[in-house]
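Here is a short briefing on one protein model. Please keep the sequence and the coordinates at hand while reading.

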Amino acid sequence: MSILVTRPSPAGEELVSRLRTLGRAAYHAPLIDFTPGTGLAALPDLLAQLQQGDLVFVLSKHAVRYAHSYLQRSAIAWPRELNYFAIGRPTALRLHTATGLPVAYPQPPETSESLLLLPELRNIAGKQALILRGNGGRELLAETLTQRGVSVTLSECYQRCAIHYNGAEQSAHWRRQGISTLVVTSGEMLQQLYDLVPDYDRQMWLLHCRLIVVSERLATLAQELGWKDIQVAESADNDALIRALQ
């Protein structure tokens, strides 16, 4: 009864280490890696164009990491007169730790839907918003803010890059390891895992594994792909994933 953790480094490695400390058999096979985004060079100017009370949204800890590192190298401080929002508590904590600024965030689950329910985002017509994110991803936040009368700019702070495996070899390896539980933290990675595994192994093994995901949206996608044993963790941080795996 082994656990396969597919979330990227370093969070994936940390989760595996903690699970092994708890006596669980766990293995790490990240499906994506991260590199700096194409929008970082324009970030200082985009921040400078915002007015007092405008909105900055940070959609992952990776966005904090790359944006803050770039601003530090450029000797530019985060503007203090803006209103900062994060997709969830871990991202908010990372941004607050880096900047010392207050950061609003929703209660779990860590989704755009939850973020948009914050009372601070009800009457925001006429404001500007800057969304710091990776390449691709959902457009719900930007589209809804636009519908609420906000002028939205997107900043690609990092890029997700797929890590390529030999599907047949990797599937055989995972089956030999006795993998029966999967931890997947994004729809992109769930689809990638589904496509990676050859059809025979998918039908005979992969879709019979217990699947831990981090949102109801992911659970719905998993059901559509054919998984039956699906559990939704209360959030995407490693503490919540460990609780879900107990």
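The model is predicted. Six strands form an open sheet with mixed pairing. Helices H4 and H10 each have a set of buried residues, listed below. The structure holds one cavity of 30 Å³ or more.

**Sheet**

- The strand order is E3-E8-E7-E4-E5-E6.
- Strand E3 (32-36) and strand E6 (103-104) stand at the edges. Each has a single partner strand, so one side of each is left without a neighbour in the sheet.
- Strands of a sheet pair through backbone hydrogen bonds, in either a parallel or an antiparallel sense.
- E3 pairs with strand E8 (residues 151-162) in the antiparallel sense. Five bridges join E3 and E8.
- Proline 36 stands opposite tyrosine 158 of E8.

**Helix H4**

- H4 spans residues 89-99. Its buried residues are Pro90, Thr91, Ala92, Leu95 and Thr99.
- The cover over these buried residues includes strand E4 (55-58), helix H3 (61-73), strand E5 (83-86) and E6.

**Helix H10**

- H10 spans residues 216-225. Leu218, Ala219, Ala222 and Leu225 are its buried residues.
- They cover an arc of only 120° around the axis, which puts them on the same side of H10.
- An α-helix has 3.6 residues a turn, so residues three or four places apart point the same way.
- Glu216, Gln223 and Glu224 are exposed on the other side of H10.
- Helix H8 (187-196), strand E10 (210-213) and strand E11 (230-232) are among the elements that cover the buried residues of H10.
- Glycine 226 follows H10. Its phi is positive, near 125°.

**Cavity**

- The largest cavity has a volume of about 30 Å³.
- Its lining consists of Leu59, Ile131, Arg133, Arg138, Glu139, Leu140, Leu141, Ala142 and Leu154.
- Strand E7 (128-134) and helix H6 (140-147) are the elements that give two or more residues to this lining.
- H6 gives the most, with three residues.
- By class, the lining has six nonpolar and three charged residues, and no polar ones.

Conventions: Residues numbered from 1 in each chain as written. Predicted model: local features only at pLDDT ≥ 70, side-chain atom pairs only at ≥ 80, totals over all residues. Heavy atoms only, no water. Pairing = 2+ DSSP bridges. Helix = DSSP H or I, 4+ residues; strand = E, 2+ residues; numbered from the N terminus. Buried < 20%, exposed > 50% of the residue type's maximum accessible area, 1.4 Å probe, protein only. Contact = heavy atoms within 4.5 Å. Arc of directions from axis to C-beta. 1 Å grid on protein atoms, 1.4 Å probe; cavity = no way out; pocket = protein on both sides within 12 Å on 5 of 7 lines; lining within 4 Å. Points joined across faces, edges and corners; volume = space filled by probe spheres on them. Nonpolar A, V, L, I, M, F, W, Y, C, P; charged D, E, K, R; others polar.
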